[in-house]
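I opened the notebook to record what I looked up in this structure. The entries follow in the order in which I made them.

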Amino acid sequence: MVSNILMPRILEVGGGALERLAGVLAALGVQRPLVVTDPMMVELGYVARLHALLEAAGLDYRVFADTVPEPTLTSILDGVALMREGTAQGAFDGVIALGGGSPIDSAKAIGVLGHFGGEIRDYQFPRAASQLGLPLVAIPTTAGTGSEMTRFTIITDEAAGEKMLCPGIGFMPAAAIVDFELTLSVPPRVTADTGIDALTHAIEAYVSRKANPFSDHNALAAMRLIGPHLRRVYHQGDDRAAREAMMLGSSLAGLAFSSASVALVHGMSRPLGAAFHVPHGMSNAMLLPAITTFSLAAAPARYATCARAIGVATDSDDDARAGERLLAELVALNQELAVPTPRDYGIDPARFEALLDTMAEQALASGSPGNNPRVPNHAELIELYRSLW
Ligand SMILES: [Fe+2]
C-alpha cells in the first residue's frame, strides 16, 4: 500500500515559537503577506505581537481581522477581495493565519480563491485544490482542530445549510508555528470543545478504513498526549505542561487525519453544526460516545488499542474489556467537561426531526461515513441522530 502524506515544510514547535515568524517568512521568500485573523485575536493582543514582528522584519503586509467562527461563503468574500487588491507595493506573496480552526480554515480558502480564482464550491469533495498556491503560515491558538497540519478546509454554504469539506494540497500550510503559550488564555469551554475535537481526530484516524502505518503512529502518539491531559487543561488552564502536551497532540492528530481522513463522527457532526450552529468540537463530543458504541464491534482490536493509548485500559485488559473502558471514558469525559446534549444546547426537537433526512444525506455525501469501520445506511444515520437525545 502506498500512502500520500502531505505536511508543512517548516514546523516551529514549542513555547515562544511565535518569535520565529520572521525567519519562517524569510525562508519561504514571503515579503508581502496577508494576515487573516479574527476580532478575538486583536482583543487578546496577539495581532499587536504580530504587528511588532512584521514591522521589525520590514515587511509590507495587510490584516484581514473579520473572520467568523465556523466560516461561511459570505464571511470570506471581503478577505478574497482584499487578497486580490494586494498591498501598495504589489500582489500578496503569502498568507499568515492566526487563530483557532476558523481563521485558519478561512485563510486557506481566501488564499486559494485569491490565487486560483473560482468559488469554494469548485474545490468541494470529491473535487480538490490539487496544486500548491501561495505559502500559508498557520499559527494555531487552540489545541485544536489541527488545521495547521491538514489538507482540508471547511466552509459553510449558509444558503444551502451545508458545511463543505474541501481537500487538496492547495489547502496544506507551508509552515506551522505550534506555540502552546498561545493557548494558555483559552477559556474552559473552548478548551474542552477543541480538545475533544483533537481526540476525535486521533481516534477516527486510527479506526478509519484509510488508516495507514504513517497515520497510525501519529494517531497513537496523539492519543497518548491527549488522554492524560485533556481534563487537566479544562480544569487548570495555566498548566503549562498539560497545554504543551495538548498542543503537540492536536498537531499530531491533524497530521494523522490529513492522510487517514476522519470518519462517521465528523461526517455526522458537520450537518449538525451547519443546521444548529453547534461549535465543531462540541457537536463531535455530542456524537463520539454514540458513534463509538455503534462502531465498536466492527473494529474491536483498533478501539482497544485506542483505549490503551488514551490510558484507560492496559495490556492485561482483553479487547472486549478495553472497548468497554473506552466507551465508559468517553461518556465520563463528556460529563466532566460539561458537554451538553442537543436538548440542553437548546435545539428545537421538532426542527431537529424535520432536518434529519437532510442531515443524513449531507453526512453520506461528505464521504466521511464511508471511512468508518461500520458504515451506516440512511435509516441508520437517522436513528443515530435520534439516539443523541
Ligand atoms: Fe474536527
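**Notebook: backbone, rings and one serine**

I began with A338, which sits in the loop between α13 (319-336) and α14 (342-345). I note here that the model is a predicted one.

I looked up the backbone angle of A338 and found a positive phi of about 55°, although A338 is not a glycine. Most residues other than glycine have a negative phi, so I wrote this down. I then checked the accessibility of A338: the relative accessible area is 43%, so the residue counts as partly exposed.

H277 is not a glycine either, and has a positive phi of about 55°. Is H277 buried or exposed? I found H277 to be exposed, with a relative accessible area of 64%; the cut-off for exposed is over 50%.

My next entry is on a peptide bond. Most peptide bonds are trans. The bond that joins F125 and P126 is cis, with omega at about 10°. I placed P126 in the loop between α5 (101-116) and β5 (136-140).

I then went through the rings. How many aromatic pairs does a search of the whole structure find? The search gives 5. I looked at one of them, F352 with Y385, which is edge-to-face, with 6.3 Å from centre to centre and 85° between the planes. This pair links distant parts of the chain, since F352 belongs to helix α15 (residues 349-365) and Y385 to helix α16 (residues 378-387), 33 residues apart. I checked accessibility too, and both F352 and Y385 are buried. I also noted that F352 and Y385 belong to one aromatic cluster with F276 and W389.

Another ring I looked up was that of Y206. R302 lies over the face of Y206, at 4.1 Å from the ring centre.

My last entry is on S75, which I found in helix α4 (residues 73-85). S75 has 13% relative accessibility, so I count this serine as buried; the cut-off for buried is under 20%. What lies 2.9 Å from a polar atom of the S75 side chain? I found the backbone oxygen of T72 there. I then set aside the neighbours within four places in sequence and listed the contacts of S75 that remain: F64, D66 and V68.

Technical notes
Residues numbered from 1 in each chain as written. Predicted model: local features only at pLDDT ≥ 70, side-chain atom pairs only at ≥ 80, totals over all residues. Heavy atoms only, no water. Phe/Tyr/Trp six-rings, centres within 6.5 Å; stacked < 30°, edge-to-face > 60°. Helix = DSSP H or I, 4+ residues; strand = E, 2+ residues; numbered from the N terminus. Buried < 20%, exposed > 50% of the residue type's maximum accessible area, 1.4 Å probe, protein only. Lys NZ or Arg CZ within 6 Å of the ring centre and 35° of its normal. Polar contact = N/O pair within 3.5 Å; in protein donor to acceptor, adjacent residues only side chain to side chain. Contact = heavy atoms within 4.5 Å.
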